Amino acid sequence: MTVRTRYAPSPTGYLHVGGARTALFNWLFARHHGGTFVLRIEDTDLERSSEESTRAIIEDLKWLGIDWDEGPEVGGPYGPYFQSQRLDIYNKYVEQLLAEGKAYYCYCTPEELKERREAMLAEGKAPMYDRKCLHLSEEERQRLAAERPAVVRFLSPDEGEIRFHDHVRGEVVFENRLLDDLVIRKSDGWPTYNFAVVVDDHLMQITHVIRGEDHLTNTARQIQLYEALGWELPEFAHVPLILGPDRSRLSKRHGAVAVGAYREQGVLPETMINYLALVGWAYDDKTEIFSRDELIKYFTLEKVAKHGAVFDHQKLEWMNGVYIRNTPLPKLAEYAHQRLHAAGLAPARLDDDLRARLEQMMEPLQTRIRTLADIVPQTYYYFTDELQFDEKAVRKFLSRDYVPELYQRLVRALSELDPWEREGIEAIFHGIAEADGRKLGDVIQPARVALTGTSVSPPIHDVIYLLGREKTVARLQAAVARAEAAAQAKAEG
């Protein structure tokens with residue numbers, strides 16, 4: 001048997017991290033078994049579905065490196081891969097069930113259904129459809145058909161049970177009597193989710209359906225439809241839900257939940273893939289960093305957890321720091337260029353000179369940053385003289401009485417430095433600290449604030465070397481007045 005899995009998002013919004021993990025598990029399972037991974041767009045909700053959401057989902061999957069063998073932009077033998085283009089296919093099987101007496105028209109209005117549901121609840125009964133329209137006479141059906149739009153309901157078996165083996169949860173059992181007659185075609189002529197997914201999974205020859213455990217009841221209903229249509233069942237695996245730190249279902253109140261948001265925040269795609277794989281799956285009790293090839297090699301459904309897995313933003317950030325430290329400098333320079341250009345600080349073209357300069361900037365930062373979003377705040381001062389001064393740092397370091405003279409001494413020494421090298425710059429700071437009997441930090445920190453606006457940066461000799469003599473001297477000269485003002489404010493207050 002050739003393994004065939006699928007990911008079938010509804011394009012009604014962004015790609016949620018839960019959806020991305022579902023796509024990843026399906027992709028890993030297919031790749032592990034040398035099978036086929038299908039992308040199908042379930043866009044039958046015409047009011048909420050949008051081309052914009054479809055494009056965003058596809059773009060995020062591409063960014064993650066989750067490629068598909070069949071689907072949008074790729075094609076395949078079982079298309080179309082958009083449900084909105086498959087209406088005739090669904091209607092064929094609805095009509096088959098109607099002809100076989102396994103489905104029936106229902107003319108009940110939403111108001112009538114609501115009233116009957118409330119009555120059942122008041123009597124302590126489960127709110128299930130009472131099959132009023134199943135027992136209509138032909139005359140009543142014709143009269144109602146002329147007055148009202150109809151839905152089509154599946155005639156659910158009254159007796160027996162649904163039993164299937166789940167690759168994560170083991171044996172799962174549902175009693176048929178607890179499942180009412182679900183709508184399989186709406187009054188607007190479009191199929192419902194449970195019906196369309198059965199038709200599609202069968203015709204696309206999906207062998208393994210891997211999805212969230214919140215679909216368990218849907219699976220029971222879908223198995224009824226498979227059996228009514230005389231089709232072979234795929235195998236099922238229901239993975240645990242992704243939880244927030246409070247162990248409730250992950251939602252916006254826990255922070256970002258969209259893959260695109262993490263992309264904007266500077267998480268690397270390699271990090272996201274690695275981390276999502278560990279949300280509900282583990283190879284062993286100690287290994288946390290996996291390459292894509294290792295995930296494909298080791299992934300099995302048997303190692304998927306049975307219980308909810310917490311999405312830990314801090315751990316994701318830690319892991320991203322690991323990946324950044326292992327990113328080759330040329331690639332890190334490209335990331336930096338993208339961020340700086342988007343911020344209006346770097347030109348669109350990354351030429352050799354700018355690439356070399358960015359590599360030098362990123363080398364000392366590589367061990368300091370945890371996301372790509374940290375790049376602009378920690379490098380912007382190389383590209384603009386409009387510094388954003390940290391007022392707390394100004395009060396702490398620039399208000400000292402020796403600072404204005406320190407700046408003048410640094411200006412003189414750096415103006416005369418030849419050649420312009422890091423070692424010579426570093427020697428100047430050591431020389432001043434030794435001559436004045438000060439700690440090295442008491443010389444470096446006032447200079448750092450003057451040159452970067454903050455008290456935290458890469459080593460000062462790296463900053464000055466990359467800023468260049470002209471910018472360094474100009475900023476130190478301009479900082480004299482700022483230091484004098486800080487000293488006066490301290491004295492007055």
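Mentor: Let us start with a term: helices, of at least four residues, and strands, of at least two, are DSSP runs numbered from the N terminus. Please keep in mind that this is a predicted model.

Trainee: Which elements each supply at least two residues of the lining of the largest pocket?

Mentor: They are β1 (4-7), α1 (17-32) and β8 (208-212), and the largest share, four residues, comes from α1.

Trainee: What makes a residue count as part of the lining of the largest pocket, and how many residues line it?

Mentor: A lining residue has an atom within 4 Å of a point of the pocket, and 27 residues line the largest pocket, with Y7, G18, G19, H215 and R249 nearest its centre. The volume of this pocket is about 820 Å³.

Trainee: How much space lies in the second largest pocket, and which element gives the most to its lining?

Mentor: The second largest pocket holds about 330 Å³, and among its 13 lining residues R263, Y335, Q338, R339 and L372 are the closest to its centre. α12 (329-342) and α8 (259-264) each supply at least two residues of that lining, with α12 giving the most, four residues. By class, this lining divides into eight nonpolar, two polar and three charged residues.

Terms used. Residues are numbered from 1 along each chain as its sequence is written. This is a predicted model: local features need pLDDT of at least 70, side-chain atom pairs count only at pLDDT 80 or more; totals for chains, interfaces and linings use all residues. Side-chain values use heavy atoms; hydrogens and water are left out. On a 1 Å grid over the protein atoms alone, a cavity is a set of points where a 1.4 Å probe fits but cannot get out, and a pocket is an open set with protein on both sides within 12 Å along at least five of seven lines; lining residues have an atom within 4 Å of a point. Grid points are joined across faces, edges and corners, and a volume is the space filled by probe spheres set on the points. Ala, Val, Leu, Ile, Met, Phe, Trp, Tyr, Cys and Pro count as nonpolar, Asp, Glu, Lys and Arg as charged, and the others, Gly among them, as polar.
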